[in-house]
Structure formats: structure tokens, C-alpha cells
Amino acid sequence: MRKNKKRLFVGSLFAVLCVMVMCLTACSQSQSVKVEIYDSGTTTEADANTDMTVKDILKSAGITLNDKDETKPKADDKIGEETKITVNRYAKVTVVKGSEQKTVELVGGKVEDAVQKAGFNLGDGVVCSEDKSAYLKNGMTITLTSSLTSSFKVSLTDKGKTSKVETKAETVKAFLEEQKIKLGENDEISPKTDTKISDGLKIKITRVEFKEKTENESVDFTVEEQQDETLNQGETKVIQDGVKGEKTIKYKVKYIDGKESTKEKISEDITKEPVNKIVAVGTKIEVSQSEVPQEQESQPSVVSETPQESSQAVQSSQPESSQPESSQPESSQPESSQPESSQSEQGGKKVVSKQKVYDCDGSGHGYYIITYDDGSVEYEDF
């Protein structure tokens with residue numbers, strides 16, 4: 001009986017412990033909350049859970065913390081049931097009053113706090129270039145001037161436009177701050193920023209900007225010459241037409257007041273190769289008609305014969321009975337272009353020369369040109 005009571009007690013104790021664990025687990029679950037974030041005068045509402053840290057909530061809201069910025073609660077603290085986060089920004093600012101200039105550092109401060117920390121005051125007769133209740137921004141310059149200071153009229157030229165401006169600033173730098181004019185990294189100003197303001201002073205700001213610019217240009221092709229022995233000298237023939245290529249050139253361009261001033265080439269790339277033009281140049285030597293050797297010309301061949309051959313040719317045209325018995329065959333006589341002492345006679349005339357001229361048709365026929373000592377000439381076919 002005692003054993004049953006003991007088992008009942010243990011079972012009841014176990015059940016109680018389970019209920020307690022479930023309660024603790026339920027209590028430990030995170031809860032969703034709405035959190036308001038205050039950042040230099042700007043309020044942002046974000047959704048969060050009670051187990052999130054301040055840093056996590058700021059990150060989810062797109063708010064970035066710099067190294068020297070501070071938050072309340074601290075960045076690594078969990079939000080818990082807290083529904084407000086304050087961000088205090090670090091700022092290093094310069095306060096200028098006349099020829100005095102001081103630099104101060106604050107976290108979560110306003111303009112009036114910086115002026116006070118710099119040892120100046122914003123009492124009557126003092127004009128501040130910034131709203132004294134504005135939150136500080138890192139790098140800000142605060143200029144203090146006296147309302148009793150006489151004003152100056154200066155000429156301001158900016159971006160090529162000139163205007164007349166009334167100012168109480170004491171220096172060109174203070175004037176730029178007063179007019180909320182910012183200079184770029186490459187901008188130029190004349191006169192220098194430490195120049196004292198005077199009536200009629202001409203202040204010129206030249207805006208200088210550098211940009212990259214890309215341009216496309218054509219690339220000329222070259223002409224290649226190839227010798228061709230099938231063409232006569234002086235003759236040419238285009239084998240392949242030339243095609244221009246393209247290239248892309250990148251420049252660093254300097255702009256002055258928005259207008260292009262100079263440009264410097266920084267890279268060049270061939271995007272399309274040119275196709276060269278190929279020209280055949282003749283090398284064949286053309287032989288003119290006057291340079292052809294006599295035997296190659298299509299002219300009748302002239303063969304000089306001896307006086308005996310001429311005499312025999314003349315006599316052959318006469319009856320055989322009239323030919324001297326002592327005459328020998330023509331083939332036995334030597335060829336000579338000069339007459340000999342035994343020259344043939346015809347009608348009392350002596351044959352001086354006899355030339356054989358062949359026809360052009362290659363038949364072997366032709367005619368004789370017979371010249372006599374009296375200058376007369378006769379022609380005879382053969």
C-alpha cells in the first residue's frame with residue numbers, strides 16, 4: 001500500500017514539473033513590438049522582436065552607424081520591451097568668426113552647442129550661417145558674422161553665369177559658406193578663399209569635371225602588290241577590294257563649365273580588322289614589232305645570189321640552144337653577194353646582182369631581183 005502512495009506522489013510531481021517547463025518556455029518566446037528610432041531630428045518606425053539587439057533593428061530599418069556614433073540603448077543591447085531608440089551622431093565641425101576659427105567635436109549636438117563649445121555666443125548682433133537648432137553634421141562649417149558689419153556688393157560668376165550679390169562675409173571662404181556654394185574636387189576659384197571681401201570684388205568659380213568618353217573611328221586598309229607574269233609591265237589588276245576596319249578609342253575628357261576643353265587618349269581597341277586591297281602588277285616584257293629579228297618577221301626572205309646564178313637564171317629563160325655549153329649547174333656555183341669577172345650578159349648589159357625573194361606562204365616559190373650595170377632592174381619568178 002505504501003508503494004502505491006509513493007508512485008502516485010512521484011507521478012504528480014512529474015506532472016507539475018512539466019507544466020512549469022511549458023510555462024517558462026511560453027514566457028521566454030519573443031514578442032513583436034513597434035520601435036521608434038530618433039536620428040538627428042528624423043523619426044523612423046520599425047518592426048522588431050523583443051529578442052533583437054539595437055544594432056539588428058537599425059540594420060533592418062536601413063540605418064547605418066558610423067564608428068563614433070552612439071545609441072541609447074547601446075548597440076549590443078537587446079530591445080526587450082523598450083520601444084524607443086535614439087541615435088546620437090558624431091560630428092567634427094569648424095566654427096568661424098572673423099579671423100578666428102575653431103574646430104570642435106560633439107556627439108548628438110546641435111549648432112548652438114558647437115558655437116558654445118568653441119567659446120563663441122549667439123547673442124544679439126550675431127548672425128549664424130546655420131540654424132542654431134539644427135543637428136550637427138560631420139564636416140560642417142559654421143560662420144558667425146556681426147549684423148552691424150556693413151554689407152558689400154560683389155560680382156559672382158559661377159558656371160559661366162554672372163550675378164550681383166550682397167554679402168556681409170569677411171572672406172571669400174565665408175562668402176561661399178554664406179551663399180551655401182560648394183566647390184568640387186577639381187573646381188577652381190579666383191581670388192583665393194582667404195581673400196578679404198571688398199566692395200566690387202569679382203569672384204569667379206570655374207567648374208572643372210573629368211569624364212570618360214568613347215569614340216569609334218575607321219581604320220584604313222593597306223594596298224598589297226603581287227607580281228603577275230601573265231600581265232604586261234605597266235598593267236595592274238585588282239584581285240581583292242580593300243575594306244576599312246573599325247576601332248574604339250577611350251578618352252579622358254576635361255569639361256570646363258560644362259563644355260569640352262581637352263581630351264586625352266587612354267586606350268584603343270580594334271573592334272573590326274581591315275581587309276587589305278590586293279593588286280596584281282604585270283612583269284611580262286612586251287616585244288614590239290621593231291624588236292623582232294629579221295628572220296622572225298612575216299616579211300619575204302631575200303637571198304643574194306652570185307652573178308653566175310643570176311646569169312644562169314636569165315639564160316634559163318631563153319632557149320636551151322642559146323645557153324653556153326660551158327655553163328655548170330646552179331647548185332655547183334658558190335653563193336656570193338658580189339659580182340665576179342665572169343658576169344652574165346644580156347643584150348649587152350652585165351648582171352651586177354641577183355637577189356632571191358621567197359613568198360610568205362612557205363611554198364618555196366618567189367622571185368628574183370636582177371640588177372644590171374646600167375642601173376636597170378628586172379624581176380623574174382621562180
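pLDDT is the predictor's confidence in each residue, from 0 to 100. This is a predicted model, in which local features need pLDDT of at least 70 and side-chain atom pairs count only at pLDDT 80 or more, while totals for chains, interfaces and linings use all residues. Residues are numbered from 1 along each chain as its sequence is written, and side-chain values use heavy atoms, with hydrogens and water left out.

**Confidence.** The protein chain has a mean pLDDT of 80, and 75% of its residues reach 70 or more. Helices (H or I, at least four residues) and strands (E, at least two) are DSSP runs, numbered from the N terminus.

| Segment | Confidence |
|---|---|
| Helix α5 (residues 307-316) | lowest, mean pLDDT 45 |
| Strand β12 (residues 202-206) | highest, mean pLDDT 96 |
| Residues 1-6 | pLDDT below 50 |
| Residues 294-343 | pLDDT below 50 |

Contact means heavy atoms within 4.5 Å. Beyond near neighbours in sequence, residues 1-6 have zero contacts in the model; residues 294-343 have 81. Where pLDDT is low, the predicted coordinates should not be read in detail.

**Strand β4.** Strands pair if DSSP finds at least two bridges between them. β1 (residues 32-39) runs parallel to β4, joined by four bridges. Aspartate 39 stands opposite valine 87. β3 (residues 70-72) pairs antiparallel with β4 over three bridges. Lysine 72 has threonine 86 as its bridge partner. Buried means under 20% relative accessible area, exposed over 50%, partly exposed in between (1.4 Å probe, protein chains only).

**Valine 377.** This residue lies in strand β23 (residues 377-381). Valine 377 counts as partly exposed because its relative accessibility is 41%. Leaving aside neighbours within four places in sequence, valine 377 contacts Ile369, Ile370 and Thr371.
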